[in-house]
Amino acid sequence: MDTFGEVGPEHENNHLPPAGETDLTWQESWAFAWYDPLNRIGGWQHCGMQRLRGVTDINSYVAHDGRLIDDYEHDAFPLPAQDYTNITFGPVTLKSLEPLTKHQVILANVNSHTELTLNTTVGPFWMGHGNAPHHWEGFGRVTGQVKLSDKTVPVNGFFFHDRSWGTRDWDGMFVIRLVCAIFGDDMIFRLFQMTGPQGRKEYGYALINGQFKSVLALDNEVLMTGDGMTPAGVQITAYTEGGEAWRITGRARDTHLMTHGPKWMMSHSNLVYECGGRVGTGFLEVSERRVPP
């Protein structure tokens, strides 16, 4: 499959492990990040079916005005029998309304009830990573509402979502710096700094006016609060092919700490970004090294 190539509608459906697969880390996951800066509401949903283990991992939260409203995490939820076109993971339901381009997300939480419509306007396209070659992602507008105990908050913002399948060794990821910044259909950044057993990698892309530009190097400074788990913001410079460079700054609006098993955790924050006078939204993921190299 070609990076940035077209994704066929058959990839809306479930993917199964190849015949003879024995690696228990094989999984298929869906991720969804969304934020509305005007109404200061957003969240993150990540659900992965680990079919050879017979369980599902779920990380899901909703935050309003910087405060977590609902936070759900389960590392061994029963494996659902449904297809990804209409599937429920605990409080999270995902429905395909139009293959790959329009979805509904329902979050039946304890303190809130969320109903969102996702209209994909960029992609989806293939974006293979070093440890995730089978991976597509897209961007667009999310609309809907979140019903809280005392009011209903409208939602109108940007979103990112993806699907990814294959083996995923979370314990082998020592350090992560992941920036996703969406300023509109004409200006999107996905930037990665990953450190594992083979060393550090920097890569990603800038999508500028419909043209994909590969990222060659990154200067990245993450500002953390005193607890060592809550990002306050980030400043990152992306050097792209052709000699261009882009400087992006962001301030965190909320943070959720998620885990994958007992040995691995990562902070996920929704951010408001600035670049060249434009304001956008997106997220930042940070995992710190916890043992000496």
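Start with the cysteines: the model holds 0 disulfides, a disulfide being a pair of cysteine sulfur atoms within 2.5 Å. This is a predicted model, where local features need pLDDT of at least 70 and side-chain atom pairs pLDDT 80 or more, while totals for chains, interfaces and linings use all residues. Residues are numbered from 1 along each chain as its sequence is written, and side-chain values use heavy atoms, without hydrogens or water.

**Stop 1: two cysteines.** Select C180. The closest cysteine sulfur is in C275, 14 Å away, too far for a bond. C180 is buried at 0% relative accessibility. Buried means under 20% relative accessible area, exposed over 50%, partly exposed in between (1.4 Å probe, protein chains only). Now pick C275: it is buried too, at 6%.

Stop 2: Select strand 5, residues 86-89. Strands (E, at least two residues) and helices (H or I, at least four) are DSSP runs, numbered from the N terminus. Pairing takes at least two DSSP bridges. L94 is the bridge partner of I87. Between the strands lie 2 residues, and G90 takes a positive phi near 60°.

**Stop 3: H161.** Go to strand 10, residues 152-167, and find H161. H161 is buried, at 1% relative accessibility. Its side chain makes a polar contact of 3.3 Å with that of T120. Such a contact is an N or O pair within 3.5 Å; within protein, one atom must be able to donate a hydrogen and the other to accept it, and residues adjacent in sequence count only if both atoms are side-chain atoms. Beyond four places in sequence, contacts of H161 (heavy atoms within 4.5 Å) include W30, F32, H103 and W136.
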